[in-house]
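This briefing is meant to be read beside the sequence and the structure.

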Amino acid sequence: MIEDLEQAVHEKRKRTPNDTARPATVAAVVCPYVRGRGEERDSAAKLDEAVGLARAIDIDVRLAQTAPLRRVTPATLLGKGVVERLKEAVDELGIGLVIVDDRLTPVQQRNLEKAWQTKVIDRTGLILEIFGARARTHEGRLQVELAALDYQRGRLVRSWTHLERQRGGFGFLGGPGESQIEIDRRLIGERIVRIKRDLEGVQRTRAVNRVGRKKARLPTIALVGYTNAGKSTLFNRLSGASVMAKDLLFATLDPTMRSIKLPNGKGCVISDTVGFVSDLPTHLVAAFRATLEEVIEADLIVHVRDIAHPETEQQRADVERVLKELGALEEGSGKPLIEALNKIDALPADRCDALQARAAAGAERALQYPVSALTGEGVDRLLEAIGEFLGRAGTAREISVPLSDGATIAWLYRHGEVRHRRDDGELALLTVALDAAAAAQFERRLVR
């Protein structure tokens, strides 16, 4: 079975990006939970998400079940009875991979593989496998490799043959000896240092780009949200881009940025980032910090939520937890956050109407704007709200400019928010909101 699994993974790696005829791995998904522990999320919903993650990389899930536990067993996480019952199912269905939707220690992983005689990976390994399959840019591959090596460093095993010292890079579905079979902790540590050095270069490049945008007075908007909430579809709708958008978990990984024009005539840059997921490993967040810096530095965060999902509130909590971990939602930061309640087209008419009414009345924690990225409903109002929020950064002031000075009038339209204009004789009387930097630049312009 393991040989067949290795061959399937080798074929997956050799395929071209457009090759859809690829073999699937036969797998089982197990979602353990401890009874009476007060889990925030429903166990059935967690199982559905885990199955969705597995199918996101064409794994053929033949068995999916929850595993209620009275307590955690240190050696295997699962109880003895659960392990034995799953052993029978694994043998009967010819399963070559078992995905445990939880965090396994190296010892637990090894013991379960011995008990089931098949490959076992945990939730972190599965997410890394998806990230490895999705990364397309050099930066994305570096970040995935960094997270994978950090994960792998604690899972080097020593057996009777050196071919089994490595569990895999970010081909966690592969077997012993698949690639870099003689790597050890020292070599992994050296590679991690090199990758971090390369990513520091990426961060410097991003910092230079941000300085350029600030000089051009282009504010940045970051789209964040749970995976499969519709961020890429909304990004395409707002920017006219063609980023891959599918009903698939982690359909896009590499960040994309586009310039757009707001209804008030001002320009801005919108950024589509990687989606979040519950129980996102800490070292994964750290590895993707170069990408997620765009969220930290953004002038406005738009949280895209799948409002039609039954666990939309839990998903919101998961996203906000990661944002706080990144420092993007620090107390007193004053950074605005608005919510785009996406997929209202998937709601029944009565629920949609009630949502629209609540949103119009305002929300307690953030302003909410119901939208459908698929149909475009509500997107215009969202764009207007984005313009309003960005304009609040400046203080409105009355400015009189001769009508003959078209260059200055055009400059004010480009760098500020012109809220009102009245032409009186030879003067243009403008009410303009300018942020601190633009106001200082305007004063220098007047001196000249």
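What follows describes a predicted model, beginning with the chain as a whole and then turning to selected helices and loops.

The secondary structure of the protein chain comes to 15 helices and 13 strands, and of its 448 residues 51% count as buried. Among the contacts between residues at least 6 apart in sequence, 69% join residues at least 24 apart.

**Packing of H5 against H6**

- Helix H5, which spans residues 123-134, packs with helix H6, residues 138-153, at an angle of about 155 degrees, and the two axes are 10 Å apart.
- With angles over 145 degrees counting as roughly antiparallel, H5 and H6 are therefore roughly antiparallel to each other.
- The crossing in which H5 passes H6 is left-handed, and the contact is made on the H5 side by Thr124, Gly125, Leu128, Phe131 and Gly132, and on the H6 side by Val144, Ala147, Ala148 and Tyr151.
- By class, the residues of this contact of H5 with H6 divide into six nonpolar and three polar, with no charged residue.

**Packing of H3 against H4**

- Helices H3 and H4 pack at an angle of about 50 degrees, with their axes 9 Å apart.
- H3 passes H4 in a right-handed crossing, where Val83, Leu86, Lys87 and Val90 of H3 make the contact with Leu112, Ala115 and Trp116 of H4.
- The residues of the contact of H3 with H4 comprise six nonpolar, no polar and one charged.

**The buried face of H4**

- In helix H4, which covers residues 106-116, the buried residues are Gln108, Gln109, Leu112, Glu113 and Trp116.
- Viewed down the axis of H4, these buried residues fall within an arc of 135 degrees, so they line one face of the helix.
- The elements that cover the buried residues of H4 include helix H3 (80-93), strand E3 (97-100), strand E4 (119-122) and helix H6.
- Leu112 and Trp116, which are among the buried residues of H4, also take part in the contact of H4 with H3.

- Is leucine 77 buried or exposed? Leucine 77 is buried, its relative accessible area being 6%, where under 20% is the limit for that class.
- Glycine 96, located in the loop between H3 and E3, is likewise buried, with a relative accessible area of 6%.
- Glycine 96 and threonine 118 are 22 residues apart in sequence, while from C-alpha to C-alpha they are 5.6 Å apart in space.

Methods:
Residues numbered from 1 in each chain as written. Predicted model: local features only at pLDDT ≥ 70, side-chain atom pairs only at ≥ 80, totals over all residues. Heavy atoms only, no water. Axes fitted to C-alpha atoms, helices over the stretch in contact; angles between N-to-C directions. Helix = DSSP H or I, 4+ residues; strand = E, 2+ residues; numbered from the N terminus. Parallel < 35°, antiparallel > 145°, perpendicular 65-115°, else oblique. Left-handed = near helix turned anticlockwise from the far one by under 90°. Contact = heavy atoms within 4.5 Å. Nonpolar A, V, L, I, M, F, W, Y, C, P; charged D, E, K, R; others polar. Buried < 20%, exposed > 50% of the residue type's maximum accessible area, 1.4 Å probe, protein only. Arc of directions from axis to C-beta.
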